[in-house]
Amino acid sequence: MTTEIPLDKKLYLFELDDVLFPKQDYLLQIYYLFAQFVEFTEGRAMATELVNFMKETYLTKGEEAVYPEAAKKFSFSQDYSENMGRLMVNGHLPLKLILPNSIKLLFASILEKGAKIAILTKGNPAMQLNKLKHIDWQGFDKQMKVYFIDELQFRNIEPISYIASENQLDQEELIFIESM
């Protein structure tokens with residue numbers, strides 16, 4: 001919970017998924033876009049049923065099971081997996097991703113104390129950047145820097161020590177909030 005986060009740090013790093021917003025808020029909108037695409041391409045009225053099936057599969061079996069199970073049940077081409085992948089990375093969401101009030105209050109108190117806020121996120125950098133673009137930041141993003149764990153690790157850089165050094169801080173002066 002946000003009440004357990006110490007307010008004596010100089011830099012607060014936040015993960016995106018399931019910290020700043022529920023990851024499923026992003027995925028369900030992507031599933032909606034994909035269902036619309038399949039319905040249009042196939043010429044069959046199935047978007048509502050498909051998106052409901054994808055949601056239920058995600059909730060019961062996980063993200064990895066969604067596409068193969070949907071393709072099997074709705075008998076659409078496995079070739080659509082490329083389209084699904086593109087939507088995951090570049091899809092333009094119909095609705096903004098909303099920061100919970102607890103996060104907005106936490107951000108406000110961090111900034112009020114003169115500390116900085118940054119994003120440190122794991123996963124495909126292009127997809128994580130797409131998520132960032134769709135968040136309703138309400139101005140909190142004005143001076144926020146974004147770091148991608150996968151990109152830093154690909155370059156053999158340890159993320160926390162790198163970020164501390166870049167911000168001229170000791171590692172004890174920053175905190176990474178990767179779960180809530």
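This is a predicted model: local features need pLDDT of at least 70, side-chain atom pairs count only at pLDDT 80 or more; totals for chains, interfaces and linings use all residues.

**Entry 1: helix 1 against helix 4**

I looked up helix 1 (residues 23-42) and helix 4 (residues 80-90) and found that their axes come within 10 Å, crossing at roughly 140 degrees. That makes helix 1 oblique to helix 4, since angles over 145 would be needed to count as roughly antiparallel. The crossing of helix 1 past helix 4 is right-handed.

Who meets whom? On the helix 1 side I listed Tyr26, Leu27, Ile30, Tyr31, Leu33, Phe34, Phe37, Val38, Thr41 and Glu42, and they meet Tyr80, Asn83, Met84, Leu87, Met88 and Val89 of helix 4. Sorted by class, this contact has 13 nonpolar residues, two polar and one charged.

**Entry 2: helix 4 against helix 6**

Next I checked helix 6 (residues 125-133), which packs on helix 4 at about 55 degrees with the axes 7 Å apart. Helix 4 and helix 6 are therefore oblique to each other. Here Met88, Val89 and Asn90 of helix 4 meet Ala126, Met127 and Asn130 of helix 6. My class tally for this contact is four nonpolar, two polar and no charged residues.

**Entry 3: what covers helix 4?**

I noted that Tyr80, Asn83, Met84, Leu87, Met88 and Val89 are buried in helix 4. Their cover includes helix 1, helix 2 (47-61), helix 3 (63-74) and helix 6.

**Entry 4: Ile177**

I then moved to strand 6 (residues 174-177), where Ile177 is found. Is Ile177 buried or exposed? Its relative accessible area is 5%, so Ile177 is buried. Leaving out residues up to four places away in sequence, Ile177 touches Ile5, Tyr12, Leu13, Phe14, Glu15 and Val19. I also looked at Pro22: it sits 155 residues from Ile177 along the chain, and their C-alpha atoms are separated by 14 Å.

**Entry 5: stepping back**

I counted up the secondary structure as eight helices and six strands. Read along the sequence, the pattern goes β-α-α-α-α-β-α-β-α-β-β-α-α-β. The C-alpha trace spans about 55 × 35 × 30 Å along its principal axes. Of the 180 residues, 45% are buried. For contacts between residues at least 6 apart in sequence, I have 75% joining residues at least 24 apart.

Note on methods: Residues are numbered from 1 along each chain as its sequence is written. Side-chain values use heavy atoms; hydrogens and water are left out. Axes are lines fitted to C-alpha atoms, for helices over the stretch in contact, and angles run from 0 to 180 degrees between N-to-C directions. Helices (H or I, at least four residues) and strands (E, at least two) are DSSP runs, numbered from the N terminus. Angles under 35 degrees count as roughly parallel, over 145 as roughly antiparallel, 65 to 115 as roughly perpendicular and the rest as oblique. A crossing is left-handed if the near helix is turned anticlockwise from the far one by less than a right angle, and right-handed if clockwise. Contact means heavy atoms within 4.5 Å. Ala, Val, Leu, Ile, Met, Phe, Trp, Tyr, Cys and Pro count as nonpolar, Asp, Glu, Lys and Arg as charged, and the others, Gly among them, as polar. Buried means under 20% relative accessible area, exposed over 50%, partly exposed in between (1.4 Å probe, protein chains only).
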